[in-house]
Amino acid sequence: QLQLVESGGGLVQDGGSLRLFCAASGFTLDYHAIGWFRQAPGKEREGVSCISKSGGRTNYADSVKGRFTISRDNAKNTVYLQMNSLKPEDTAVYYCAAALTTVQHMCAIQEYWYHYWGQGTQVTVSS
């Protein structure tokens with residue numbers, strides 16, 4: 001069964017850090033670009049960051065640039081989202097998604113681009 005599982009979420013204070021994990025089972029992430037998305041209460045889901053399947057290209061939403069870093073370890077079949085300087089407005093459920101692609105150095109923070117989705121992990125930043 002193809003599955004993405006997010007972990008690493010939790011409660012953190014304003015200015016704190018968290019590291020999210022996106023692990024794949026049932027398939028290898030080698031052939032996939034990976035995106036992180038989030039959905040805050042009462043808001044639509046939005047793109048946060050993505051990484052190409054080569055790892056050589058990353059993109060970030062303006063709201064997280066300079067604070068969040070996406071990376072991947074294909075040997076561990078895992079993608080990470082390091083979140084620093086967290087703010088209360090970062091509070092949301094965070095989802096990872098995988099896009100099967102033949103393109104090595106491209107990714108998009110667009111929901112339609114992705115084929116597989118995880119169930120999400122809650123991140124809460126208290127003020």
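Student: Is Ala 108 buried or exposed?
Tutor: Ala 108 is buried, because its relative accessibility is 14% and the cut-off for buried is under 20%. Keep in mind that this is a predicted model.

Student: Where is Ala 108?
Tutor: Ala 108 sits in the loop between β9 and β10.

Student: What does Ala 108 touch, not counting residues up to four places away in sequence?
Tutor: Cys 50, Trp 113 and Tyr 114.

Student: And how far is Ala 108 from Ala 33?
Tutor: In sequence, 75 residues. In space, the C-alpha to C-alpha distance is 8.5 Å.

Student: Where does Thr 101 lie?
Tutor: In the loop between β9 (92-100) and β10 (116-117). Thr 101 counts as buried, at 12% relative accessibility.

Student: Which residues is Thr 101 in contact with, leaving aside neighbours within four places in sequence?
Tutor: Tyr 31, Ala 33, Lys 53 and Trp 113. Trp 113 is also touched by Ala 108.

Student: Switching to rings. How many aromatic pairs are in the whole structure?
Tutor: Six. One of them joins Trp 113 and Tyr 114. That pair is edge-to-face, with 5.7 Å centre to centre and 70 degrees between the planes.

Student: Are those two buried or exposed? Take Trp 113 to begin with.
Tutor: Trp 113 is buried, with a relative accessible area of 17%. Tyr 114 is buried too, at 6% relative accessibility.

Student: What is the geometry between Tyr 114 and Trp 117?
Tutor: Edge-to-face, at 6.3 Å centre to centre and 70 degrees between the planes. Trp 117 counts as partly exposed, at 25% relative accessibility.

Student: Which residues do ring pairs link into a cluster?
Tutor: Phe 37, Trp 113, Tyr 114 and Trp 117.

Student: What about charges over rings? Where does Arg 19 lie?
Tutor: Over the face of Tyr 80, at 4.2 Å from the ring centre. There is also Arg 45, whose charged end sits over the ring of Tyr 95, 4.9 Å from its centre.

Student: Tyr 80 is in β8. What stands opposite Tyr 80?
Tutor: Ser 71. Ser 71 belongs to strand β7 (residues 68-73).

Student: How do β7 and β8 run, and how many bridges join them?
Tutor: They run antiparallel, joined by six bridges. Strand β8 covers residues 78-83.

Student: Which side chains of β7 are buried?
Tutor: Phe 68, Ile 70 and Arg 72, which point to one face.

Student: How many residues lie between β7 and β8 in the hairpin?
Tutor: Four. Asn 77 is in the turn and has a positive phi of about 55 degrees.

Student: Why single that out?
Tutor: Because most residues other than glycine have a negative phi. Asn 77 is not a glycine, yet its phi is positive. Asn 77 is also buried, with a relative accessible area of 15%.

Student: What about Ser 85?
Tutor: Ser 85 has a positive phi of about 50 degrees, although it is not a glycine. Ser 85 lies in the loop between β8 and β9. Ser 85 counts as partly exposed, at 41% relative accessibility.

Student: Back to the sheet. What is the strand order in the open sheet of four strands?
Tutor: β1-β3-β8-β7, with antiparallel pairing. The edge strands are β1 (3-7) and β7, each pairing on one side only. From one strand to the next, the twist averages 15 degrees.

Student: How many bridges do β3 and β8 pair over?
Tutor: Six, in the antiparallel sense. Ala 23 stands opposite Thr 78 in β8.

Student: Last topic, packing. How many residues has the largest nonpolar core?
Tutor: It has 28 residues. Those with the most contacts inside the core are Trp 36, Phe 68, Leu 81, Met 83 and Tyr 94.

Student: Which strands each supply at least two residues of this core?
Tutor: β3 (18-25), β4 (32-39), β5 (46-51), β7, β8, β9 and β11 (121-126).

Student: What lies apart from that core?
Tutor: Another core, of nine residues. Among them are Phe 37, Cys 50, Ala 97 and Cys 107. Phe 37 also belongs to the ring cluster, and Cys 50 is touched by Ala 108.

Note on methods. Residues are numbered from 1 along each chain as its sequence is written. This is a predicted model: local features need pLDDT of at least 70, side-chain atom pairs count only at pLDDT 80 or more; totals for chains, interfaces and linings use all residues. Side-chain values use heavy atoms; hydrogens and water are left out. Buried means under 20% relative accessible area, exposed over 50%, partly exposed in between (1.4 Å probe, protein chains only). Contact means heavy atoms within 4.5 Å. Rings of Phe, Tyr and Trp (its six-membered ring) pair if their centres lie within 6.5 Å; planes under 30 degrees apart count as stacked, over 60 as edge-to-face and the rest as tilted. A charge sits over a ring if NZ of Lys or CZ of Arg is within 6 Å of the ring centre and within 35 degrees of the ring normal. Two strands pair if DSSP finds at least two bridges between them. A nonpolar core is a set of buried Ala, Val, Leu, Ile, Met, Phe, Trp, Tyr and Cys residues joined through side-chain atoms within 4.5 Å. Axes are lines fitted to C-alpha atoms, for helices over the stretch in contact, and angles run from 0 to 180 degrees between N-to-C directions.
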